[in-house]
Amino acid sequence: MNHDDILFGILGNAFHCPAPGEFEFLENALITINVEGEILGVAKPSEYNNSPIVEFLECQGRILRLTDQQYLIPGLVDLHCHAPQWPQMGKGLDLPLYNWLENYTFPLEARYQDLDFAQHVYRDLVQSTLSSGTTSAVYFSSIHLEPSKVLADLCLEKGQRAFIGKVCMDNPEHCPDYYRQSAQKSLYETEAFYQYVSGMVGNDGLVSPVVTPRFIPSCTEGLLKELGQFATENECYVQTHCSESDWTREYSCQKYGETDISIYERTGLLGRKTILAHSIFLTERDTQKIQEHGAIIAHCPLSNMYFANAALGTREILDRGLHCGLGSDVAASVTPSMLRSCFDAVSHSRVREEGTSARLASDVRGEPGTRISFLEAFWLATAGGGKALDKPIGLFQKGFWFDAVLVDGNIQDCDLKIWKALDEPSDILEKIITTAHRQNITKVWVKGKEVISKNR
Ligand SMILES: [Zn+2]
């Protein structure tokens, strides 16, 4: 390796999960990063001790030495987040989905045509998600073009990898008059947003446009077909909601006599770059179609507990090797933290496995063998999410982009307590997943660029 290729190096302890359920502890590793933000190498002490590389970087002031209470983890991937719902977080979770949308979400999302409001909220959102360690975020915006551009500009300015879609909804049956566009306008603005993001100066692939039909009840069949054709022609990412609840499943059955997956496939919206939030009520044929197309499931565990009426088959999805990651589904979540999503994914699967009714005998109460582990959840939020998006992120590995989060256990008044004499590396990683909060995240990098630095 030519030392001049190195932009900077980090020397310290790191964790990552190369496969579901497996982790590696990279003890006192030297991670080197080039000017493009790619990882040049991950060296063990035995590999760099006899080399002048550390001294060289030290002389140039290009090395960060971590303390023994600091740990690097890969940047976190949020596959499903509603940007305009940021001010709604923590409100109305006691309502069914339909009323939640009608009473809270649609009136709020309609406000974003006010660009000052959009600037104010989106600036805070992007800062907060980055500060929580979310280095890649898949965002639904509102139905408006100009505010969606504001969100794209802010992600680029703040350095967050983002996949953003201007929401499309044209069905008068299920979209209020004040928050609906014609199919023609939806398509026109989808194209305009695609052009805008593709042409953003300095973008270099950090922000990607996403074709975004909200969900089946909000769109006419004509609009779905137009969007499907546009996404296919432009090889674009697609995001939508899929079989989220009894209500949405029954809507598709009654109106079309089909499942959501069947409708998305028929309209050209199901492909390798399609991100399907939720996907709770899948038939076997639906699952096969998702696998055949290589589409992505965004599991949003806390949201599912409030709005889905049933649990996702996360265990089965992992065992079948479907592309899957985690989503916060803000504002059907009370935090943007993807570490919290990991915790919720495990709790969700544990309740499913054990069952809930104390009146039933234990052998018929739950669904045995359906839990997932903390390491599997963490894989979903890092390498799994990266693999699903087909981006080289989520691992500390040569050739991957350096998207990373620095977790510090030496913060006053926090829940992350690491006891060196008691905690093995596996314990430390589990504690980071389950107890680290935003205050423990002191630095964040996206593609080698430091985007968060909290001086303590
Ligand atoms: Zn959602």
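This is a predicted model: local features need pLDDT of at least 70, side-chain atom pairs count only at pLDDT 80 or more; totals for chains, interfaces and linings use all residues.
Trainee: How are the donor residues of the zinc ion spaced in sequence?

Mentor: Donors are N, O and S atoms within 2.8 Å of the metal (3.2 Å for Na, K and Ca), and a site may look incomplete because water is not among the atoms. Here the donor residues of the zinc ion follow the spacing H-x1-H-x158-H-x87-D. Residues are numbered from 1 along each chain as its sequence is written, and side-chain values use heavy atoms, with hydrogens and water left out.

Trainee: Which atoms coordinate the zinc ion, and at what distances?

Mentor: The zinc ion is coordinated by NE2 of H80, NE2 of H82, NE2 of H241 and OD of D329, at 2.1 to 2.5 Å.

Trainee: Why is the arrangement around the zinc ion irregular?

Mentor: Four donors count as tetrahedral if all angles lie between 85 and 135 degrees; four count as square planar and six as octahedral if opposite donors are over 155 degrees apart and all others between 65 and 115; anything else is irregular. The 4 donor atoms around the zinc ion subtend angles of 85 to 174°, which makes this arrangement irregular.

Trainee: Where does a cis peptide bond occur?

Mentor: The bond joining V330 and A331 is cis, with omega about 15°, and A331 is placed in the loop between β14 (323–326) and α13 (338–354). In another loop, the one between α7 and β11, you will find E235, whose phi is near 50°, a positive value in a residue other than glycine.

Trainee: How do the axes of helix α6 and helix α7 cross?

Mentor: Helices (H or I, at least four residues) and strands (E, at least two) are DSSP runs, numbered from the N terminus. Axes are lines fitted to C-alpha atoms, for helices over the stretch in contact, and angles run from 0 to 180 degrees between N-to-C directions. The axes of α6 (residues 183–198) and α7 (residues 221–234) come within 9 Å and cross at roughly 20°, which makes α6 roughly parallel to α7 (angles under 35 degrees count as roughly parallel, over 145 as roughly antiparallel, 65 to 115 as roughly perpendicular and the rest as oblique). The contact (heavy atoms within 4.5 Å) includes L187 and Y194 of α6 and L227 and F230 of α7.
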